[in-house]
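Have the sequence and the model side by side.

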Amino acid sequence: MDFSSITGQKEIVGRLKSSIKQNEVRHAYIFSGPKGIGKKTVAKAFAYMLLCSRPGEDGGCGKCLSCRLFTGNTNPDFYIIESRGTSIAVDDIRNMQNDIAVKPLYSNRKVYLIVDGEKMTVQAQNCLLKTLEEPPAYGVIILTTSNYNALLDTVCSRCTKYAFVKNTNEEVRQVLESKICKSGDELDFIIQYADGIIGTALDLALSDEFIPLREKTVDILLRLATEGQEKFFEICGFYMENKDSIDKVLDIMLLTYRDLVVSLAGGKENMLINSDKKNKIISMAEKFTLEKLLKNIEIVEFTRRSIKQNANFQLAIETMIIRLQED
Ligand SMILES: [Zn+2]
């Protein structure tokens, strides 16, 4: 719960802690960064320390009434606003405003955490603006967002922004090793794939489906290079079956093509993302030319964009397969 349990984000954590010690806490913050980077975790640790009556170096004391209520998720001075469905409506913000008008019960402050602030409707954001313009002395509002640009300029200009940075692979490894046990090889790939985002790494490491999906995807990629068009429907079937995980499938394809490029270009084995599959990658690379690999990367990226833009899924996949099978 406190800051000592947070891996990485050292600069932000340091600044938040010292703002409490030096009594320079602001009324409104935006924690911005990719999904899974730890914004909500840091926000909760900040709230825990803010509400404690005798905070220590790294957070709440754990003993005062505020801390005990906070740990039990029942501290009335801490209020979370999350979307119900796809958006945060103006009524959600109005409820918050009714609450913030009432003085804190157990602390000197009240903390409001708006999760995924970009989900606030424009109306909701305009409503929030009133509180941001004249917050009560005890009020602290924290918005988290993975899409800063979706917030109104008028909202942003009244908040102190903290941009969360990606974790190092070593930091991601520390978290995975402390929270779950998986074999080293699989962990290596997950860490590379997660690209510095602890939430993604944890989700993948806890998923029973990701590693088998990766195996199948790498196999399909090889088949695309070696089998003729008579296998078209079978290969197509793989993509249709995994429609819900298509982002992951396409990501794995891109990472694997990238590894093949590295291998073909004479890169060192330790540069491979699929480091546990180096022998397979090296032998697969022989089946491609550099030119074809670079073209394939473009094809997969094009397919991903098309699907994101709501192109017909089956058509997008079929076109991709045909183009990947071309010489
Ligand atoms: Zn305390």
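In which helix do Glu11 and Arg15 both lie, and how many residues apart are they? Both belong to helix α1 (residues 10–21), and they are four residues apart, about one turn of the helix. Helices here are DSSP runs of H or I, at least four residues, numbered from the N terminus. The model is predicted: local features need pLDDT of at least 70, side-chain atom pairs count only at pLDDT 80 or more, and totals for chains, interfaces and linings use all residues. Residues are numbered from 1 along each chain as its sequence is written, and side-chain values use heavy atoms, leaving out hydrogens and water.

The side chains of Glu11 and Arg15 form a salt bridge at 3.2 Å, N to O. The term means a side-chain nitrogen of Lys or Arg within 4 Å of a carboxyl oxygen of Asp or Glu. Glu11 is exposed at 57% relative accessible area. Arg15 is partly exposed at 39%. The cut-offs are under 20% for buried and over 50% for exposed, with partly exposed in between (1.4 Å probe, protein chains only).

Now take Lys17. Its side chain meets that of Asp58 in a salt bridge of 2.6 Å, N to O. This pair links distant parts of the chain: Lys17 sits in helix α1, Asp58 in the loop between α2 (39–51) and α3 (65–71), 41 residues apart. Lys17 is buried at 16% relative accessibility. Asp58 is partly exposed at 28%.

Helix α4 (residues 90–100) holds Asp91 and Arg94, three residues apart. Their salt bridge spans 3.2 Å, N to O. A search of the whole structure finds 21 salt bridges.

How values were computed:
Helices (H or I, at least four residues) and strands (E, at least two) are DSSP runs, numbered from the N terminus.
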